[in-house]
Amino acid sequence: MSLLVDITKQFKDFSLNVSLATNGGRLGLLGASGCGKSMTLKCIAGIEKPDRGRILLNDRVLYDSEKRINVIPQKRKVGYLFQNYALFPNMSVSQNIGIGLKGSYKEKLPKINEMLSMFHLSGLEDRYPAQLSGGQQQRVALARILAYEPDVLMLDEPFSALDSYLKESLLEELLETLKGYPGDIIIVSHSRDEIYSLCERLVIIDKGNLVMAGDTGEIFRKPGKLAAAKLTGCKNLSPAKVLDDYTLVATDWGLKLRVKERMKGNIQYIGIRAHDIRPAEKPEEVNSFPLKDYRMIDSPFEKNILGRCGQGEIWWKVSNEKWKELVSTAPPSYLCLPPEALIVLE
C-alpha cells in the first residue's frame, strides 16, 4: 500500500504546498489549527481540487493537473472520518454502516453483521446516533468506512469532539481496532500526545508548508527546526549565536551553553524541554544558572516553575513528589540545562 501526494493550492491569504509519501502504517499530520492539515485530506479525498500536482494511490492516479485527471470522490477508494463523524441522524446503526455498500439491504446484511461484530456494536444495530455515546458513534463511523474496504483511511481530528476522560480510553481502543487494517492510515491532529501515541511516522505542517517528515520518536527527540520544536511541545526556546562547534549563546537567556554533539547547519535557536531541566549539583556546573524571581503554577501532578533568566523566562516542570523532596530543606538555588538535552534548531 502506498500513497503519494505532491500538491499546491492557493487561497486568498494562504498557500498549501505539501509533498508526502506513505508506505503502510500510520502517518500523523501535526500542525496548528488552520495550517492546512484538513485541507490536505480533502484534496486526497477529492472534496477539494488542488491547483497543481499529483496524487497517486497504489500507483493509481487520483489527480494529475498536467494530464487533467481528477477522479471523483466516490471512485477513489478513500475512507474519510470527519471530525463530527457525519452519521445520518435518521438512520439506525445498521443503516449507517450499510449506506455505502452496493446491493439490497439483504445483500448488505452479511457485511453489516461482520462490522457490528468487529467493532463491538452487536445489540446496538437498531439504535440511532442520538442514542449512542461519543465512543459508540466513532465506532459506527469507522465501521461504515471500513465496510467498503478503502485503500487508505484518513482520520480528521478523531478525538476533537470528546472530553479528556473519554479521549484517553478511546485512544487505546482505536489502536486495537486499527491493528487489522491493511491499508495506509493518515491521522490529522493538533495534539502532539495523540500523534505520538497513534503514529509511527510524522509530518509537520506549518502555514501550509511541510517543514519536517520522519520517524515520530526521532522528530520529538530532535525536531531540528523551530516550527517542529514548537509543535512538539518544547516550552523553552531562545535565539542563539554559535561561537564554535560545541558552544553557543542563548541571547534571550543571556547564557553561554555547551552542547553534547557537534553542531551542523544554520543554527539560529536553542531549546530544551521543560522536563529535561534539573537542579545543578554545584553552581559552577556546566550550563547552570541561578533560579531567582520564579513563579509557580500548580497542576494536579506536577509543578510548573517559571524562573527569570536574562531577558526571558525558563519553564521547568517537575513532579509534585520530586518537588517535595527538593524543597525539604530549601528550593534549589541553581538549575542546569544538561548538554545532552539541549535541542539546536535551524
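The protein splits into domain 1 (3-222) and domain 2 (234-345), with bounds that come from an automatic or database domain assignment. Taken over C-alpha atoms, the centres of domain 1 and domain 2 sit 39 Å apart. Keep in mind that this is a predicted model, where local features need pLDDT of at least 70 and side-chain atom pairs count only at pLDDT 80 or more, while totals for chains, interfaces and linings use all residues. Residues are numbered from 1 along each chain as its sequence is written, and side-chain values use heavy atoms, leaving out hydrogens and water.

Now for some backbone spots. Asp 59 isn't a glycine, yet it has a positive phi of about 65 degrees. You'll find Asp 59 in the loop between strand E4 (52-57) and strand E5 (60-64); strands (E, at least two residues) and helices (H or I, at least four) are DSSP runs, numbered from the N terminus. Tyr 85, also a residue other than glycine, has a positive phi near 75 degrees, and its place is the loop between strand E7 (78-81) and helix H2 (93-98).

Are these two buried or exposed? Asp 59 counts as exposed because its relative accessibility is 69%, whereas Tyr 85 is buried, with a relative accessible area of 3%. Here buried means under 20% relative accessible area, exposed over 50%, and partly exposed in between (1.4 Å probe, protein chains only).

Further along, strand E19 (residues 302-309) runs antiparallel to strand E20 (residues 312-319), and eight bridges join them; two strands pair if DSSP finds at least two bridges between them. Asn 304 stands opposite Lys 317 in E20. The hairpin of E19 and E20 has two residues between the strands, and there Gly 310 takes a positive phi near 65 degrees.
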